[in-house]
Amino acid sequence: MRALVLRGRGEIAYVEKPEPKLLSTHGALLRPKLISPCTSDVHTIWQGSPKKPELTLGHECLAEIAEVGGAVRDFRPGELVAVSAVTPDWSQPDVLENYAHAGYNFSAHMLGKSIDGAFQELFYLPYADRNLARIPEGMDLLDALMAVDVCQTGFTAAEEGEVRKGQEIAVLGIGAIGLSAILAARHYGAKRIFAVGSRRENAEIAKSFSDEHCQVELIDYKSCVSALPEGLHPLANSTGSPVVNEILKRTALKGVDSVLLCGGDEKSLPMAVDMVKYGTGIVSNVMYFGAEPGKEKLQEEHRGIDALEIPKFSIGRGMAGKTLRFSLSKGGRENLERILHILTTERLHPGCFVTKRYRGLDKTAEAIYDMKERRAIKIAISV
């Protein structure tokens, strides 16, 4: 069978592989029907750590069940299902606390990370009853496809940020995850959301999420020229970012209740710390901070660490009362079906994030390069 694999850093290729077999009675074999490459696939290819040889990529998928193990109770061959992008190891009791990690980084991100992913003609998934989800009757399949990763991640950002009714929230990065985080923050009652990004197509979608209960305000970091508000100590804005100045100005110098960090670069974290409230503010990060090419060797030579910056002034020299959270998206069946229910009952349509479509598994590599070069917000491929 045909599969798109990771050959090494920066190199992908189509290869022929033998069809997978059921490895456990709790597992299932699945045929992908609608797939989407993710920025995480881009990170895996160009920034990730070494993976097993010829690893098949892909973790965003709607699939048809081909075969199930004898212990699978809730799903049958022939059914079209949503496949959770985050697939916890349900044999680990810690998973029940966070629906994600179980003891080590990316333990819940198996597909396309530690086991072959969805970008092949047939793939294996463990714990089918707890990692597959039913698609609500009548739901648009593009909306369901966006739910498996994009919406689960955006909602995780808002939930870890403890977004509540009446709050002011900043979302840094308005790619698909950031747009989903805006939807989630609105769902949890935010009255005002500052959406920070520059891509025009994304900004138009973000603005469309405004309603009488929640105002979404766009801040273009490329054109923003706001100066530090009068009366603030210069160290209140550690990076000198005009975006921080603008958000402090619009919030009467108090800052936002939560920052949902969904995109940007390594300066985004200190910016988030600068713009969040003292005493109660939360920075909720779901962004991947990849290793910079060549930096690993430099670290080894100088015994340094690959680190992010946290501004001392904005954390009150360690006593500011600000909370930082770094989260992998929640996953598994229960969480995914919860998100699918919210989308359908509130008539939210994240399928609008799909701005390019292809047909055929052989278009997947092209779609990945589209994502790398930001030629689409999200891409759907019919297999």
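Q: Why is R333 called buried?
A: R333 has 16% relative accessibility, and buried means under 20% relative accessible area, exposed over 50%, and partly exposed in between (1.4 Å probe, protein chains only); R333 therefore counts as buried. The structure is a predicted model, in which local features need pLDDT of at least 70, side-chain atom pairs count only at pLDDT 80 or more, and totals for chains, interfaces and linings use all residues. Residues are numbered from 1 along each chain as its sequence is written, and side-chain values use heavy atoms, with hydrogens and water left out.

Q: What makes R333 and E337 a salt bridge?
A: A salt bridge is a side-chain nitrogen of Lys or Arg within 4 Å of a carboxyl oxygen of Asp or Glu. The closest N and O atoms of R333 and E337 are 3.1 Å apart, so the pair forms a salt bridge.

Q: Why are R333 and E337 separated by about one helical turn?
A: The two residues are four residues apart in helix 10 (residues 332–345); helices (H or I, at least four residues) and strands (E, at least two) are DSSP runs, numbered from the N terminus.

Q: Why is E337 called partly exposed?
A: Its relative accessible area is 26%, so E337 falls in the partly exposed class.

Q: What makes R250 and E246 a salt bridge?
A: Their closest N and O atoms are 2.7 Å apart. This value lies within the cut-off, so the pair qualifies.

Q: Why is E246 called buried?
A: E246 has a relative accessible area of 15%, and therefore counts as buried.
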